[in-house]
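Subject: Structure for your review

Dear colleague,

Please find the structure below, followed by an account of what was found in it.

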Amino acid sequence: MKKMIKSDPAGNWQLDGVSWEDLKVGAIINKEMFDKLYSALWKLKDYEASGLTPDEVIDSMWT
């Protein structure tokens with residue numbers, strides 16, 4: 001699965017293709033931005049529905 005979160009060398013992270021400026025109060029959410037946010041929320045929904053903890057997800061990556 002393609003990673004949706006990117007980080008820079010300093011450790012700052014963001015949703016791929018979405019700058020923090022794009023998420024400030026008053027920013028206009030266009031169709032492209034909506035699709036990216038919706039995809040991230042859908043992925044989070046699936047993770048939460050799995051019932052796994054972050055540690056369990058990490059552990060499952062090594063089995």
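Residues are called buried under 20% relative accessible area, exposed over 50%, and partly exposed in between (1.4 Å probe, protein chains only). By that scale W20, with a relative accessible area of 46%, is partly exposed. W20 is placed in the loop between β2 (13-15) and α1; helices (H or I, at least four residues) and strands (E, at least two) are DSSP runs, numbered from the N terminus.

Two remarks on the source are needed. This is a predicted model, in which local features need pLDDT of at least 70 and side-chain atom pairs count only at pLDDT 80 or more, while totals for chains, interfaces and linings use all residues. Residues are numbered from 1 along each chain as its sequence is written, and side-chain values use heavy atoms, with hydrogens and water left out.

Nonpolar surface

W20 belongs to a nonpolar surface patch of about 880 Å², made together with I5, W13, L23, I29, F34, Y38 and W42. Patches consist of residues with over 30% relative accessible area and no salt bridge; like charges are joined within 9 Å, and nonpolar side chains (Val, Leu, Ile, Met, Phe, Trp, Tyr) within 5 Å. The accessible areas come from the Shrake-Rupley method with a 1.4 Å probe, and for residues only the protein chains shown count as cover. Helix α1 gives the most to this patch, with three residues.

Salt bridges

The structure holds four salt bridges, each being a side-chain nitrogen of Lys or Arg within 4 Å of a carboxyl oxygen of Asp or Glu. Side chains of opposite charge can pair when their charged atoms come close.

- K31 pairs with D35, with the closest N and O atoms 2.8 Å apart. Both lie in helix α1, four residues apart, about one turn of the helix. K31 is exposed at 60%, whereas D35 is partly exposed at 32%.
- E32 pairs with K36, the closest N and O atoms being 3.4 Å apart. These two residues are separated by about one helical turn because they are four residues apart in helix α1. E32 is exposed at 52%, and K36 is partly exposed at 24%.
- K24 pairs with E21, and their closest N and O atoms are 3.0 Å apart. K24 is partly exposed at 47%, while E21 is exposed at 52%.

The second largest pocket

Which residues line the second largest pocket? They are M4, I5, L15, A40, L41, K43 and L44. On a 1 Å grid over the protein atoms alone, a pocket is an open set of points where a 1.4 Å probe fits, with protein on both sides within 12 Å along at least five of seven lines, and lining residues have an atom within 4 Å of a point. The pocket holds about 170 Å³ of space, a volume being the space filled by probe spheres set on the points. Helix α1 (residues 31-50) supplies the largest share of the lining, four residues. The lining divides into six nonpolar, no polar and one charged residue; Ala, Val, Leu, Ile, Met, Phe, Trp, Tyr, Cys and Pro count as nonpolar, Asp, Glu, Lys and Arg as charged, and the others, Gly among them, as polar.

A40, in helix α1, is partly exposed at 22%.

Yours sincerely
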